[in-house]
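Here are my notes from a pass through the model you sent over. Have the coordinates open while you read.

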Amino acid sequence: MYRAPTPMRHIYIHIPFCRRRCSYCDFAIAVRKRVPGDGFVDRIKREYDLRRRHQGGDGGSLETLYLGGGTPSLLTAPQVAELVALVTAGQAQGSTPEITLEANPDDVTPALVGAWMATGITRVSLGLQSLDEDVLRWMHRTHTVAEALASLEVLRRCCVPSFSVDVIFGLPTSLSVDVTGALERILEFEPHHLSVYGLTAEERTPLYRWIGRGKAALAPEGRYAEEFLRIHELLTRAGFQHYEVSNYARPGHRSRHNQAYWTGRDYLGLGPSAHSYEGGERRWNLAPWTAYERVLAQGLDPIEGRERPGHDGRRLEKLYLGLRTAEGASLTVCGPLNRRVLVDATRAGWLAEAHGRVRLTAEGWLRLDEIVAALTTSVEGG
């Protein structure tokens, strides 16, 4: 029988509902005109009770809660409050867990942001993605540039303790996008954190199908690299720390929740498709909302699968997660085959070694996938 270790310090809740699917999105979402928010909260309570039933401890040591999606900002403020209260009940007085809520610009209003902060939200992650009307339509986003700019102003004026902005680069050349110009405009609103993602074409997405039909093409490798390096220079010059491959933060504003993932700490995932890692075991829930809801309504556990990585798998994952971050990876986790790959990457100028650790260079951030593929091949071939 599953037994969760105590305490649950890091919790993720997946809210799957969206107004429409974005062209690049392969997440487990449920497109709904009307969001069944009360029913969703009920199912999360049921799943959380299942986990707590086999958990000891005082339950008062939560460090981070992340409400992700999907579009969590489609829930009402009272529904958000219920989710926050569910996992913070019994929290030690004076403790300040980081509580993040993802939001779309068209949901952000002064009243709603104030209500979120009253529930305990300390961090808002804004899915802005672009400041170009043609790009937003191409992405199937539901907001306009005017709504994006208005949402940035609301987050600044409401004095949210920490707010982050998502931006996508590496878009098709045909869209003629000035990403660095957009970022300069975003910086005027003084965000605390930026997540800058390179566009990829995942299977089962509209973008993947467009590329297959010849109706779209990803940015050429050279332009993708040039854009990334311009973005990197702009943000570091503006005082942001590049602390993870896609993430930049002002001092004191790194995402504590995501850092828990990258440093291999245990975390609990609730909701459809949510993943957990506890005691060396990974598990994941049923992905479709309808299946997840039905199973919990029957009093059953929504876990779909689980696995326990072997020694080589754990070592490779630790190396990969370390390389994703500014702190780099310790050479103590490298086997001889891994070490050979890292030596080659260092000679190529993609890695720098110092004090028993290896870190990616500016060029190396662009080569992370290539390095990881070589590491994986070395382990499997060895």
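**Notes on the model**

1. Start with Thr71, which lies in the loop between β4 (64-69) and α2 (77-88); helices (H or I, at least four residues) and strands (E, at least two) are DSSP runs, numbered from the N terminus. This is a predicted model, so local features need pLDDT of at least 70 and side-chain atom pairs count only at pLDDT 80 or more, while totals for chains, interfaces and linings use all residues. Residues are numbered from 1 along each chain as its sequence is written, and side-chain values use heavy atoms, with hydrogens and water left out.

2. Is Thr71 buried or exposed? Thr71 is buried, at a relative accessible area of 4% (buried is under 20%, exposed over 50%, partly exposed in between, with a 1.4 Å probe and protein chains only). Not counting residues up to four places away in sequence, Thr71 touches Ile15, Phe17, Cys18, Asn104 and Asp107; contact here means heavy atoms within 4.5 Å.

3. On to the nonpolar cores, meaning sets of buried Ala, Val, Leu, Ile, Met, Phe, Trp, Tyr and Cys residues joined through side-chain atoms within 4.5 Å. The largest has 85 residues, and Ile11, Ile13, Trp116 and Leu323 touch the most other members. If you click on Leu323, its contacts beyond four places in sequence include Leu342, Leu351, Val358, Trp365 and Ile371. Another core, of 15 residues, lies apart from the largest one, with Cys18, Tyr24, Leu175 and Leu199 among its members.

4. Which strands make up the open sheet, and in what order? Three of them, ordered β12-β13-β14, with antiparallel pairing (two strands pair if DSSP finds at least two bridges between them). β12 (275-278) and β14 (303-307) are at the edges with a single partner strand each, so one side of each has no neighbour in the sheet. From one strand to the next the twist averages 20°, using axes that are lines fitted to C-alpha atoms, for helices over the stretch in contact, and angles from 0 to 180 degrees between N-to-C directions.

5. Zooming in on one pair: β12 and β13 (residues 281-285) run antiparallel and are joined by four bridges. His275 sits opposite Trp284 of β13.

6. Last, the cysteines. How many disulfides are there? The count is zero, taking a disulfide as a pair of cysteine sulfur atoms within 2.5 Å. For Cys25, the nearest cysteine sulfur is that of Cys22, 6.1 Å away; Cys25 is buried at 11% relative accessible area. Cys158 has its closest cysteine sulfur in Cys159, at 7.6 Å, which is too far for a bond, and Cys158 is partly exposed at 23%.
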